[in-house]
Amino acid sequence: MQKTERHFFAPGRVNLIGDHTDYNGGLVFPAALNMGTYLTVKQHDDADSCRFISENDPAEFLIRKEELSQKRNSWVDYPLGVIKEFTDRGFPVSGLQFHYRGDLPIGAALSSSASIEMVTAVALNALNGSPFTMLELVQMAQHAENDFVGMNCGIMDQFASGFGKKNCAIALDCNTLEYEHVPLEMQGLKFVIANTNKKRGLVDSAYNQRRSECQQALEILQQHTSVENLCQLTVSQFDELSEYLTGDVLKRARHAVCENGHVREAITALKRGDMSSFGQLMNASHASLRDDYEVTCPELDFLAEQAQQFPGVLGNRMTGAGFGGCTVTLIAENQVDVFVENVGGAYEQQFNICADFYVAEIGEGTREMKNAEFRM
Ligand code: GLA
């Protein structure tokens, strides 16, 4: 068993474009952040239990090994879900202490939960002699969230956390799981994340509902065309079929198809250095998430509106699941300070909440860390 401490890190992610496409078999374009979750694992004094500590949450857990598969409705469900994935595959876990610390804002759509899952998965894999590939670990972390936590998420967040690469975004086809690291040649621009700091309630149930509306749309369309997922349709194919859909189901499906087109065009634009088109596609993406997918909120829309008309801004959109959380803005580096001051000020005046701003630093994916580089 593990005598000495070992240290691991898993990043959060910012999704640059392509939200609510992953579970529709579409494209996404996230990048791993330098912020994330740190984990130290060491042997615990009782071989028949595990201890879980988080510096971000006062709730500590000492759990007997036969009770590790019971949900606690707390942050510890993320590691417990991953432990269950390992146990189910013949790698039971006991006698360990897990000590977490995160520097991501929690529940702010930057994948704090996926980073806890991924750091746990990569740590358990290392402690067991690495029986699983990174893709398998990503899939196990996603299953943990789907089956144990009960959030029916797609694969994007865990994938971005696992496969992040410094100064690159990840063009991922969520249908085939083919991916490419695309260098972010920033040309004097920055991605700035703005956290609404709005408390998000009932995100999981609203998210699961959107997902089931897309499934309903797919089942109806499958009576008229042979597709396995919504994102296999082009916008013009969808337009021809849209008469079979109505109401919210029509709007949700239209978002998925159009957003997939936005991602495809945005990746092409970025590769030819056309940041202005990339920014316009970000704006179009936000409008679709607001009007068709209806996952924005007044706070996100206010930040988007302020940003999109701000000098030096090429584009802005909400990022992640929505209902609160963050926007991401593509902006000239020399405008960042005045942007933060002015948009932050206007936001505070409007909502009486302070937004937080972060200039995105794009880093590497989940990994073990040497003692010296580990910041605990
Ligand atoms: C959450 C989910 C992802 C993805 C996004 C929306 O972050 O975990 O799988 O669906 O929402 O794009």
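These questions and answers test the terms used for this predicted model against their cut-offs.

The model is predicted: local features need pLDDT of at least 70, side-chain atom pairs count only at pLDDT 80 or more, and totals for chains, interfaces and linings use all residues. Residues are numbered from 1 along each chain as its sequence is written, and side-chain values use heavy atoms, with hydrogens and water left out.

Q: Why is L245 called buried?
A: Its relative accessibility is 3%. Buried means under 20% relative accessible area, exposed over 50%, partly exposed in between (1.4 Å probe, protein chains only). At 3%, L245 therefore counts as buried.

Q: What is L245 in contact with, leaving aside neighbours within four places in sequence?
A: Contact means heavy atoms within 4.5 Å. On that test, L245 is in contact with A217, I220, L221, F238, L250 and A253.

Q: How do you know that the span of α2 is close to the expected one?
A: The expected span is 1.5 Å times one less than the number of residues. Helix α2 (residues 112–127) has 16 residues, with 22 Å expected. From first C-alpha to last, α2 reaches 23 Å, close to that value.

Q: What makes α2 mostly covered?
A: Of its 16 residues, 15 are buried.

Q: What makes a set of residues a nonpolar core, and which have the most contacts inside the largest?
A: The set must be buried Ala, Val, Leu, Ile, Met, Phe, Trp, Tyr and Cys residues, joined through side-chain atoms within 4.5 Å. The largest such core has 46 residues. Those with the most contacts inside it are F52, F86, F98, Y100, L124, L137 and L172. Helix α2 gives the most to this core, with 8 residues. A second, separate core of 34 residues includes I17, A108, A266 and Y358.

Technical notes:
Helices (H or I, at least four residues) and strands (E, at least two) are DSSP runs, numbered from the N terminus.
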